[in-house]
Amino acid sequence: MTPDTALALARDASWLVLVLAGPLLGAGLAVGLVVSVVQAVTQVQEASLSFIPKLAAVLAVIAVLGHWMLGQMLGFTATLLASLPTYAR
């Protein structure tokens, strides 16, 4: 495996991680921001009030986008496994 091939493989894997984690992290960030504003306005500082809505938002994103995310991972894995003989050279 040449350094260019290894770098391209690492770049593709990193991009896939960003694409798959982005919606989950974005949903958690948005819900966390809304909950923080509500907590600041109401002056209620309870840790579970921020954790439960974030968990529910992330689970909802997984429920909606899970099939697409799994397809992306399977496509990358299939491409990686199909090109293993070229990496061995």
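What percentage of the 89 residues of the protein count as buried?

1. Of the 89 residues, 16% count as buried. The structure under review is a predicted model, and the points below should be read with that in mind.

2. **Secondary structure.** The protein has 3 helices and 0 strands. Read from the N terminus, the order of elements is α-α-α. Helix α1 covers residues 3–42, helix α2 covers residues 47–82, and helix α3 covers residues 84–87.

3. **Overall dimensions.** The radius of gyration of the protein is 19 Å, whereas a compact globule of 89 residues would have a value near 12 Å. The C-alpha trace spans about 65 × 25 × 15 Å along its principal axes.

4. **Contacts across the sequence.** Contacts between residues at least 6 apart in sequence were also examined; 69% of these join residues at least 24 apart.

5. **Surface.** Phe51, Ile52, Leu55, Leu59 and Ile62 make a nonpolar surface patch of about 470 Å². One of these residues, Phe51, belongs to helix α2.

6. **The loop between α1 and α2.** Gln43 lies in this loop. Its phi is near 60 degrees, a positive value in a residue other than glycine. By contrast, most residues other than glycine have a negative phi. Is Gln43 buried or exposed? Gln43 counts as exposed because its relative accessibility is 69%, and the cut-off for that class is over 50%.

7. **Gln39 in helix α1.** Gln39 is placed in helix α1. With a relative accessibility of 10%, Gln39 counts as buried, since the class requires a value under 20%. Which residues does Gln39 contact, leaving aside its neighbours within four places in sequence? The contacts are with Val44, Gln45, Glu46, Leu49 and Ser50.

8. **Ser83 between α2 and α3.** Ser83 is found in the loop between these two helices. Ser83 counts as buried because its relative accessibility is 16%. A polar atom of the Ser83 side chain lies 2.8 Å from the backbone oxygen of Thr79.

9. **Summary of the residues discussed.** Gln39 in helix α1 and Ser83 in the loop between α2 and α3 both count as buried, at 10% and 16% relative accessibility respectively. Gln43, in the loop between α1 and α2, counts as exposed at 69%.

Key:
Residues are numbered from 1 along each chain as its sequence is written. This is a predicted model: local features need pLDDT of at least 70, side-chain atom pairs count only at pLDDT 80 or more; totals for chains, interfaces and linings use all residues. Side-chain values use heavy atoms; hydrogens and water are left out. Helices (H or I, at least four residues) and strands (E, at least two) are DSSP runs, numbered from the N terminus. The radius of gyration is taken over C-alpha atoms; the globule rule is 2.2 Å times the number of residues to the power 0.38. Buried means under 20% relative accessible area, exposed over 50%, partly exposed in between (1.4 Å probe, protein chains only). Contact means heavy atoms within 4.5 Å. Patches are made of residues with over 30% relative accessible area and no salt bridge: like charges are joined within 9 Å, nonpolar side chains (Val, Leu, Ile, Met, Phe, Trp, Tyr) within 5 Å. Accessible areas come from the Shrake-Rupley method with a 1.4 Å probe; for residues, only the protein chains shown count as cover. A salt bridge is a side-chain nitrogen of Lys or Arg within 4 Å of a carboxyl oxygen of Asp or Glu. A polar contact is a pair of N or O atoms within 3.5 Å; within protein, one must be able to donate a hydrogen and the other to accept it, and residues adjacent in sequence count only if both atoms are side-chain atoms.
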